[in-house]
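I opened my notebook beside the viewer and wrote down what I looked up. Here are the entries, in the order I made them.

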Amino acid sequence: MLLLLLLALRRGRRCAIGVMLTLLLLEVVLLNGIIALNGAASNPFSAVLLVPVVMAFMVLPWWPAASILATSISAQLIQLLILQLSEHGQMLHHYYGMVFGFVLTSLIVAAVVTYFRQQLQQREDAIRSLRERQLRNEQLLAIGTAAAQLTHDVATPVQSIHLLLEEALESPTTTPLIKEIATQFHRIEQQLAQWRSVADDVREQRNVVMDVRKIWRSLQHLLLVARPEALLQWQWLATDDTALIKADGTLLPALTNIVINASEAAEQTGQPQVTVRSQLHQGEWLLEVINLAEPLSPLAIQKLGLAFVESKAGHGIGAVLSNATIEKFGGSVHWQQQNSEVLTVISLPVVANV
């Protein structure tokens, strides 16, 4: 039996289930035949009939295991019917009790084994989820460490370039090109200063209460600066303009990154229109991003934001960072795809509504 099961496992899970079900059915029929020929329900070894039931509910899915249980109960009822037609009529009450006891015990065993199997499965799922989250956190920590090191290494060249640009701007022969370079370099300095401020907030765990309406306007401003060519349609559906959420400076970059990813995915389809919708629902702020994108497999959609998914545009690092950031504030990000349209739903809990 074990040899056949091992051979079936090599061929696939469905084949293994079919082989196991067949073997257990044969075992039920064989054991019931032996018990029936040796005293039937009065046989003291009839308890061995519970073994296939226990094995079925331990290793098989619900419906195959239920078929084993039904077969075992049916075999007992057939034995009882045969005993009624035999000459042991005076022992029928005893036989009825033995069969009823077997049926009741089988049902209890099936229920208990199923319950504990579900508990073990839930615990295994929780451990697997915890391992995946720990792996993701380790990867994010490595990325954060590399980003911090890069910022530290860039600081000295930035200061040197700043001094050189100051000298060039003070020169009487300054060209418009130098001025444009200085303007763009000033934006780089602002980004570095903002990154240091966000890093300080994260290190000191400084969360502040933010107005949802202000976040909405800041998001529009950042995207106008970062992606002026993007075709974004903004829809404010919230009926309350005073909702507040609790977060730090990393929230806005995370939201911006999700909208930028949606815009880049839509551009690849030739229809770059992206709709960004905001609304309040049951104590949560919902930010919905709707865009067209190339079809993805259900597995890729499921892994978005949870693991690095390699694609033509990258490895999905931005989605993982954004998802981890939003989860840090008690929120969540969900991706859904219907045909060629992708819906990204970001939910954040509202901490006050004054």
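**Salt bridges**

I began with charge pairs and counted three salt bridges, a salt bridge being a side-chain nitrogen of Lys or Arg within 4 Å of a carboxyl oxygen of Asp or Glu. A note to myself on the model: it is predicted, so local features need pLDDT of at least 70, side-chain atom pairs count only at pLDDT 80 or more, and totals for chains, interfaces and linings use all residues. Residues are numbered from 1 along each chain as its sequence is written, and side-chain values use heavy atoms, with hydrogens and water left out.

I looked up R128 and D125 and found their side chains in a salt bridge at 2.8 Å, N to O. Both residues sit in helix α5, three residues apart, about one turn of the helix. Helices here are DSSP runs of H or I with at least four residues, strands are runs of E with at least two, and both are numbered from the N terminus. R128 is partly exposed at 42% relative accessible area, and D125 is partly exposed at 33%. My cut-offs are under 20% for buried, over 50% for exposed and partly exposed in between, with a 1.4 Å probe and protein chains only.

Next I took E264 and R227, whose closest N and O atoms are 2.7 Å apart in a salt bridge. This pair links distant parts of the chain, with E264 in helix α8 (residues 251-267) and R227 in the loop between α7 (212-226) and β2 (231-236), 37 residues apart. E264 is partly exposed at 30%, and R227 is partly exposed at 25%.

Then I checked E288 and R277, a salt bridge with its closest N and O atoms 3.1 Å apart. Here E288 lies in strand β5 and R277 in strand β4, 11 residues apart. E288 is buried, with a relative accessible area of 11%, whereas R277 counts as partly exposed at 21%.

A polar atom of the S106 side chain lies 2.8 Å from the backbone oxygen of F102. Leaving out residues up to four places away in sequence, S106 touches L50, V53 and L69, where a contact means heavy atoms within 4.5 Å.

**A loop residue**

I looked at Q282 and found a positive phi of about 50°, although Q282 is not a glycine. Q282 lies in the loop between β4 (273-281) and β5 (284-292), and is exposed at 72% relative accessible area.

**Whole protein**

Last, I noted the totals. The protein has 10 helices and eight strands, and buried residues make up 31% of its 354 residues. Of the contacts with a separation of 6 or more, 68% are between residues 24 or more positions apart.

Conventions: Polar contact = N/O pair within 3.5 Å; in protein donor to acceptor, adjacent residues only side chain to side chain.
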